[in-house]
Structures are given as structure tokens and as C-alpha cells.
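I opened the notebook to record what I looked up in this entry, working from the chain as a whole towards single residues and then the strands.

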Amino acid sequence: MSSPAAYAAAQKQPQSKKILFRFCSECSNLLFPKEDKENHKLLFACRTCAFTEDAPSSCVMRHEIASSVGDTAGITQDVATDPTLPRTQQPCPACGENEAVFFQSQQRTADTGMRLYYVCSACGNVWQ
Ligand SMILES: [Zn+2]
Ligand SMILES: [Zn+2]
């Protein structure tokens, strides 16, 4: 005997899209998605050091990246306009805008603890 109600519930997908943040295990800076064109796969790369890691093979993430390959502005702009994230008055070092979204590092390492990151609401620049 099948249960139509249980089947329907299993088919239901949450509508909210989640942006996944990855952080460098070397220096704890934000990692940016990067396409490995030779191997046709997605990597996360640190802009501060040479650290890279394979991205988890998530369809959602692949879709997110597909629209902004080679340009991380799409990702950070999504963050900057996310109404669920808290805002603060922090001057952007790149463009001087005085409003930024901030969030905490989800990676708790012994030396960095819970680090705060700011994303400029105007240009999507990320800084600490
Ligand atoms: Zn790094
Ligand atoms: Zn800015």
C-alpha cells in the first residue's frame, strides 16, 4: 500500500536558496568560487593565499555559479541584497559606500574564532 500524503511531502522542496560560504583552511579568508576550465569542475579559491579546494558537487551551487562564472560579483551581490542578513554602517574600502551586510564565519578554528565579514551593499566587495 502506498501513502500519497507521504509521497507529496517528500516531493516538496524548500523554496529558499541557501548561499554556501566556504572559508580558507590556511588563512580563514572567504573562498571564492572558481571554474577549473581544464577539468570542468568547480573549485573554491582563496584570494589571499594559494589555497584551493574542490567544491561539493551540489546542483544548486553549480546553478548559482553558472550564471556568474569568472565573476564573483553575482554571489556577493546576492549576499548584499539578502534581507535576512544584518546590516551595519561600515565604509567600503573599495567604493566608499557606507552600508554593508555582515555575517560570521561558520568555521570555528582555534586561531580565528568567530570572525566577522562585511559585504558592501553597493559593489559586493568583501572584507573583514
Ligand atoms: Zn587563504
Ligand atoms: Zn563597495
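Predicted model: local features only at pLDDT ≥ 70, side-chain atom pairs only at ≥ 80, totals over all residues.

Residues are numbered from 1 along each chain as its sequence is written, and chains are lettered from A and ligands numbered from 1 in the order in which they are written.

**Overall make-up.** I looked up the secondary structure and found three helices and seven strands, which are DSSP runs numbered from the N terminus (helices H or I, at least four residues; strands E, at least two). Along the sequence they follow the pattern α-β-β-β-α-α-β-β-β-β. Of the 128 residues in the protein chain, 17% are buried (20 or more other C-beta atoms within 10 Å of a residue's own; exposed means 12 or fewer, partly exposed in between, with C-beta atoms placed from the backbone).

**The annotated cysteines.** I then turned to the unreviewed UniProt entry, which places the feature "binding site" at Cys-24, Cys-27, Cys-46 and Cys-49. These four are spread over 26 residues of sequence, yet they cluster in space, with a largest C-alpha distance of 8.6 Å. I kept in mind that such annotations may be inferred rather than shown by experiment.

Cys-27 sits in the loop between α1 (4-11) and β1 (31-36), and I recorded it as partly exposed because 13 other C-beta atoms lie within 10 Å. Beyond its neighbours within four places in sequence, Cys-27 is in contact with Cys-46, Thr-48 and Cys-49.

Cys-49 lies in the loop between β2 (41-46) and β3 (52-54), and it counts as exposed because it has 11 C-beta neighbours inside 10 Å. Leaving out residues up to four places away in sequence, I found that Cys-49 touches Cys-24, Glu-26 and Cys-27.

**The sheet.** Last, I looked up the open sheet, where four strands run in the order β4-β5-β6-β7 with antiparallel pairing (two strands pair if DSSP finds at least two bridges between them). β4 (87-88) and β7 (126-127) stand at the edges with a single partner strand each, so one side of each is left without a neighbour in the sheet. Two bridges join β4 to the antiparallel strand β5 (residues 100-104), and Arg-87 has Val-101 in β5 as its bridge partner.

Methods: Contact = placed C-beta atoms within 7 Å.
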